[in-house]
Amino acid sequence: MSSLFESTKAGRLDLANRIVMAPLTRNRSPNAIPRDITATYYAQRATAGLLITEATAISHQAQGYADVPGLYGTEQLDGWKKVTQAVHDKGGKIVVQLWHVGRVSHVDLQPDHQAPVAPSAIAAKTKTYLVDKDGKGSFAETSTPRALDAGEIPSIVKTFRAAARNAVETAGFDGVEIHGANGYLLDQFLKTGSNKRTDDYGGSIENRARLLLEIARGIADDIGGDRVGIRLSPVTPANDVTDDAPQPLFEYVLRELAPLNLAYIHVIEGATGGPRDVDGRPFDYAAAKAAYRDAGGKGAWMVNNGYDKALAEKAVAGGADLVAFGRPYIANPDLVRRLKEDAPLNTPDKNTFYGGGEHGYTDYPTLD
């Protein structure tokens, strides 16, 4: 029987264990530049089999929250170099999550205060995080987006691909994760509630999946599929997304991803950060995995959402290859050791989740 603590592989990545640190937005990168404390934060957690960074914007247009990092400028890439070096010095593996928020943004965060972009001009009933001129953070309603013109879509694909190349060739990441989940741009294109287009990127399942698949194929061509993961959330209500028929949609997506020789598939089971069973949104995850495997997909299967040690061990025994832990990693940099030794976990301070400095970020105690 497989163990949560045994070494494994995800594509070309050799991982020390099956425990993954999930992406966690912390809003501590002013001007989208990772700071020295960012390197400290990730290096502290490098005993995870794999670290996935906080969601990282592929362009200024892709930004949706204040003080989140980017991958589109020299200073940003230099900041990330310090992070990857610090993690590698500790023997860890780290990939960056590539992000375009789409409509989950605000005009104050966009170039020249323009409207955010989306598949359709439908506002998301959700909030974003802004910081005022005095450095005080607060949540605000998102702005109404404009629909992307069909002629703009190739540039979105090109920007994702450039960010992936920058990540591995310049910043030193071991790979990338495409953020196709949680109601952000690629998920907005996938789902009927946010995509009302009538062109080649709307309507049928094949059309709505087109953008995500073009990006995944392009990045796999550029850096090798075995350094690429993708995050999907079939039924999460996060950021006001819905789909009329998620089962056939995601089984189609997974079958189309199968030939790309991806490192892993990262699946959020249920509502992101919430219940596994979402009222009115049934989903058969085993069938989705079978669709991927039956189509030849060999990437590691990563599960995510509210896992503790007992659930994680059960998942691995049931065939999951990797288990992602989110909030426990905020307060427990030595989470792998704590889980292995059944040690008590520190409780995260919710008041320090978003914004700030070292407090609530790099100052949580370890067992040593």
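Leaving aside its neighbours within four places in sequence, which residues is Tyr307 in contact with? The points below start there.

1. **Basis.** This is a predicted model, in which local features need pLDDT of at least 70, side-chain atom pairs count only at pLDDT 80 or more, and totals for chains, interfaces and linings use all residues. Residues are numbered from 1 along each chain as its sequence is written, and side-chain values use heavy atoms, with hydrogens and water left out.

2. **Tyr307.** With sequence neighbours within four places set aside, Tyr307 is in contact with Glu269, Arg276, Ala312, Ala315, Val323, Ala324 and Phe325. Contact means heavy atoms within 4.5 Å. Tyr307 sits in the loop between strand E13 (300-304) and helix H9 (309-317). Helices (H or I, at least four residues) and strands (E, at least two) are DSSP runs, numbered from the N terminus. Tyr307 is buried, at a relative accessible area of 10%. Buried means under 20% relative accessible area, exposed over 50%, and partly exposed in between (1.4 Å probe, protein chains only). The C-alpha atoms of Tyr307 and Ala121 are separated by 36 Å; the two residues are 186 apart along the chain.

3. **Nonpolar cores.** The largest nonpolar core has 93 residues. Such a core is a set of buried Ala, Val, Leu, Ile, Met, Phe, Trp, Tyr and Cys residues joined through side-chain atoms within 4.5 Å. Leu98, Val176, Ile219, Leu257 and Ile265 touch the most other members. A second, separate core has 14 residues, including Leu15, Val95, Ala263 and Ala300.

4. **Ile265.** Beyond its neighbours within four places in sequence, Ile265 is in contact with Ile230, Leu232, Leu254, Leu257, Tyr292, Ala300, Trp301 and Met302.

5. **Helix H1.** This helix covers residues 36-44, and its buried residues are Ile37, Thr38, Ala39, Tyr41, Tyr42 and Ala43. They pack against strands E3 (19-21), E4 (50-57) and E5 (94-99), and against helix H2 (74-89).

6. **H1 with H2.** The two helices pack at an angle of about 25 degrees, with axes 8 Å apart. Axes are lines fitted to C-alpha atoms, for helices over the stretch in contact, and angles run from 0 to 180 degrees between N-to-C directions. That makes H1 roughly parallel to H2. Angles under 35 degrees count as roughly parallel, over 145 as roughly antiparallel, 65 to 115 as roughly perpendicular and the rest as oblique. H1 brings Asp36, Thr38, Ala39, Tyr42 and Ala43 to the contact; H2 brings Trp80, Lys82, Val83, Ala86 and Val87. By class, the contact has seven nonpolar, one polar and two charged residues. Here Ala, Val, Leu, Ile, Met, Phe, Trp, Tyr, Cys and Pro count as nonpolar, Asp, Glu, Lys and Arg as charged, and the others, Gly among them, as polar.

7. **H7 with H8.** Helix H7 spans residues 246-257 and helix H8 residues 285-294; their axes come within 7 Å and cross at roughly 30 degrees. H7 and H8 are therefore roughly parallel to each other. Gln247, Glu251, Leu254, Arg255 and Leu257 of H7 meet Ala287, Ala288, Ala291 and Tyr292 of H8. The contact divides into six nonpolar, one polar and two charged residues.

8. **Positive phi.** Asn239 is not a glycine, yet has a positive phi of about 60 degrees. Asn239 lies in the loop between strand E11 (228-232) and H7. Asn239 is buried, with a relative accessible area of 12%. Asp240, also in the loop between E11 and H7, has a positive phi near 65 degrees. Asp240 is partly exposed, with a relative accessible area of 29%.
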